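Work through the exercises below with the sequence and the 3D structure at hand. Each task is followed by a worked solution.

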Amino acid sequence: MLRKVLRIGLGSGLSNRGLRTRRGGFTLDWDAKMSEFKKKIECILPGKQWEELYDTSHLPPKQSDVVIVGGGILGLSVAFWLKKLESRRGAIRVLVVEQDHTYSRASSTGPSVGGIWQQFSVPENVQLSLFSVDFLRNINEHLAVVDAPLVDLRYNPSGCLLLASEKDAATLENNVKMQRQEGAKVCLISPEQLQNKFPWINTEGVALASYGMEDEGWFDAWSLLQGLRRKVQSMGVLLYQGEVTRFITSSGQMQTPSGEQVVLRRINEVHVKMDKSLEYQPVECAAVINAAGPWSGQVAELAGIGKGLPGTLQGTKLPVEPRKRYVHLWHCPQGPGLETPLVADISGVYFRREGLGSNYLGGYSPTEEEEPDPTNLEVDHDFFQNKVWPHLAQRVPSFKTLKVQRSWAGYYDYNTFDQNGVVGPHPLVVNMYFATGFSGHGLQHAPGIGRAVAEMVLDGQFNTIDMSPFLFTRFYLGEKLQAYNIL
Amino acid sequence: MAAPRAFLRLGAREWNARARGIHSMSEPVTPDSSRKKRTLLQFLSDYFHDIHALREYLLRKQILKGNRKNRSFADIQEKYGPYVTGALFILKQGGAVKFQDKEWIRPNERGHFPTEFLEFRKVPVEAVDASGCAINYQGMSNLLPLKELRFLSLQCCPNVDDWCLSRLYLLADSLQELSLAGCPQVSERGLACLHHLQNLRRLDISDLPAVSHPGLTQILVEEMLPHCEVLGTDWAQGLKLEPDQQPQNTPSPVSP
C-alpha cells in the first residue's frame with residue numbers, strides 16, 4: 001500500500017508537477033540522482049535487503065587535525081607531546097597510522113639495543129639526550145595511566161665508554177669539553193687509568209677514552225613503546241593499522257620577497273588503506289607528520305617531495321633510506337664483569353652486557369661498501385665471523401672463546417646525507433613535518449624530538465631545544481651536520 | 001536517635017573505603033586485584049567522563065606529593081653551608097645524622113629534633129642513617145655535597161631505585177659503608193654502578209625483592225668490588241640438591 005503511494009507520488013508526480021525550475025534542472029544529472037534516491041528508499045522498505053549502508057567502524061575517521069604516519073617510538077612520542085602541550089583538553093585530534101601493530105615486520109624500535117648516551121659532537125644532540133634521560137627517569141609521572149601497571153624500563157645505569165685512537169683523540173677531547181658545558185657528566189680517561197678500571201680491556205691502539213659517569217646506559221625499548229601506546233590511547237589519540245597510499249594536495253603560486261615565483265603545496269587528504277584489503281579511507285587533515293622511520297623516503301615521495309629538477313629545492317629528495325643492521329647475542333663465561341659499560345671501539349664494533357648470565361649484545365656499523373642488502377631481514381652469520389669477532393677479540397681477549405646464541409636484524413632510518421635527523425616542516429609542502437632519519441639515535445632522542453615537533457606544529461617555532469640545524473633546508477643548501485658518530 | 005548516628009557511622013566507613021581506593025590507583029595490577037571488589041570511583045569512572053577526569057587528577061596529585069618532600073634546599077645551603085643543609089634535609093625526612101666527633105642526632109617520635117647542629121657549619125657529616133625515609137633521586141642532591149660521608153644507610157627506602165644508585169659515584173672518595181637492605185626498587189642493574197665506590201668496605205645487599213637472582217648477583221658484586229665485604233644472601237641459597245644425588249666425597253668443613 002505504502003509502496004503504491006510512493007510509486008505514484010514519485011513517478012507521476014514529478015513529471016506532472018515539474019520540480020525543475022524554469023531555467024533548467026535543480027542540479028545537474030537530476031534524473032540519475034532521483035533514481036539513486038528511489039533505490040535507497042526501496043531498500044529501507046520492509047522486505048528488501050539493507051545493502052546500501054555498511055559498517056565503517058573499522059575505518060579511521062573522515063577528519064583529523066594531525067595525521068602521524070608511523071606508529072613507532074617517534075610517532076607515538078610526537079602524539080604524546082601534541083596531546084600534552086595542547087592548549088585545552090581535547091583541542092587537537094590526532095590519528096596515528098601504523099603498518100604493523102605487532103611491530104615485527106619493519107619497525108626499528110623492537111630489535112633495538114636500547115642504549116642512551118650523551119657523547120655526541122653536536123650540542124643539540126647532547127641536549128636532546130639530557131632531556132630524554134630526565135623524561136625516562138620520571139617515566140611513571142609522565143606516562144601514568146589510572147589502573148594500569150607502572151612502566152618498568154629495566155634501566156642499566158652502567159655508562160658508555162668511547163675509545164679513540166691517536167688521530168681522533170683531539171676531536172674526542174673537544175667533544176667532551178662541549179658535552180661537559182652542556183651539562184653531561186662525561187670524563188676523559190687515559191689508557192693507564194682505563195687498564196686499572198677495566199682490567200679485561202686490551203688498551204693497544206687506544207690513545208684516549210671518554211666515559212659517561214651518570215645518565216648513560218641502556219633500557220628496554222619495548223616497554224617504553226608499550227607504555228607510550230597505553231598513555232596516548234588514554235589521552236584520546238586514535239591508533240589505526242593501515243598504510244598511507246596517497247596524499248591529495250592542492251597548490252598555489254606565491255611570490256618570495258625577492259620576486260621569485262614559488263609553488264607551495266598543501267596536503268588536504270591522506271588516503272589510509274586498511275591492512276589486507278583494498279578499502280581505504282580518505283582522512284582530511286591539517287598537518288601530516290612523517291615519522292615512518294626507514295620508509296620515510298617513500299612517504300615523502302608520495303607527497304611530491306623530490307619531484308623536480310635535481311639541484312633545485314623542488315628536486316631535493318628526503319635522503320632517508322632503510323639500512324639493515326645486525327645485533328648479535330653471545331655467551332662468554334670468562335667475559336667482563338658486572339661493571340661493563342656500553343663499549344664502543346675504534347673499529348666501530350660496540351657491545352654491552354645483557355642480564356646476569358655472562359651474555360653480551362653487540363654489533364658493528366659497516367662501511368658503505370660492506371652494507372648488507374636491505375630488502376629483507378635475513379641475518380648473514382658470516383658477517384659476525386668476519387667483521388665483528390676479530391675486532392671484539394682484539395679489544396677484549398676473553399672474547400676469543402665466545403659462542404653466538406642468536407642474531408637478529410633491524411632497519412636504521414639512515415640519513416644518507418649526514419646521519420643526523422630531520423625535524424621540522426618542509427619548505428614547499430607546508431604542512432608536512434618530519435621526525436625521522438636519526439640513523440640509530442631515534443630511540444634515545446624520542447622524547448626530545450617529539451616535544452620539538454609538537455612545539456613546531458602548535459606554536460610554529462622551537463621553544464625549548466633549538467632544532468633549527470636539523471631542518472630540511474640543509475639538504476638543499478648542502479650544510480652537513482657532521483658528527484663523530486659511534487654507532 | 002540511634003538510627004541516624006548509625007547511618008552517619010556507615011557513611012564514614014564508606015568514605016574511608018573510597019579514600020583507600022584512591023590511593024591504590026597506580027598500584028601494579030596483580031591477578032588478585034581483578035578479583036577484588038572494585039571501588040565505587042572505579043565503577044563510576046567507567047560510566048562518567050567527569051569521574052574519570054577526577055581519578056586522573058587524584059593520581060597526579062598523589063605522584064606530585066612525593067616531590068615536595070624532596071625539594072632542593074638551595075637557599076639554606078647558601079646561608080648555612082652544605083653539611084648543615086644535608087643534616088637538616090635528613091632530619092626533616094625522619095632519618096638520623098652524625099657529625100664528626102659528635103653524637104647521633106635523631107628526631108623523636110613527634111618529629112622534633114634538637115637544633116644546635118645549625119652552628120656546626122664547618123663540621124663535616126660522617127654518617128647518615130636514612131632508613132625508611134622517602135628520599136628519592138631529587139632528594140639525593142642534598143646528600144651529595146657531603147664529601148666526608150663514611151657511612152650511609154638507605155635501608156627500606158621505598159623511593160630509592162637504580163637511578164639514585166647511579167649518583168653515588170660522587171661519594172666514592174669517602175664512602176666506606178653502604179646499606180641497601182630491603183629497598184623494593186633496587187635491582188641488580190643499579191648494583192652494577194656501585195663499582196665506582198672503590199673505598200667501600202662493607203656493603204649490605206640483603207633482602208632486595210627486585211633482584212632476580214640474589215645468589216648470582218652477590219657473586220658478581222663480590223667480583224666487582226674485591227676489597228669490600230658484601231653482606232647478602234648465602235651463595236648456596238639458590239642451589240637445590242637433586243633428590244637422588246647425595247653430597248658424597250665433598251669435604252665437610254667440620255670433620256667428624
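**Exercises on the chain contact**

Chain A and chain B bury about 2,900 Å² between them, 61% of it on carbon and sulfur atoms; buried area is the accessible area (1.4 Å probe) that two parts lose on being put together, summed over both. In chain A, the residues that lose the most area to chain B are Val146(A), Leu338(A) and Leu356(A), together 23% of what that side buries.

The model is predicted: local features need pLDDT of at least 70 and side-chain atom pairs pLDDT 80 or more, while totals for chains, interfaces and linings use all residues. Residues are numbered from 1 along each chain as its sequence is written, chains are lettered from A in the order in which they are written, and side-chain values use heavy atoms, without hydrogens and water.

**Exercise 1.** State how many residues of each chain are in contact.

*Solution.* Contact means heavy atoms within 4.5 Å. With this cut-off, 30 residues of chain A touch 34 residues of chain B.

**Exercise 2.** Find the salt bridges between chain A and chain B.

*Solution.* Step 1: a salt bridge is a side-chain nitrogen of Lys or Arg within 4 Å of a carboxyl oxygen of Asp or Glu. Step 2: the count between the two chains is three. Step 3: one of them joins Arg55(B) to Asp147(A), with the closest N and O atoms 3.1 Å apart.

**Exercise 3.** Is Arg55(B) buried or exposed?

*Solution.* Buried means under 20% relative accessible area, exposed over 50%, partly exposed in between (1.4 Å probe, protein chains only). Arg55(B) has 3%, so Arg55(B) is buried.
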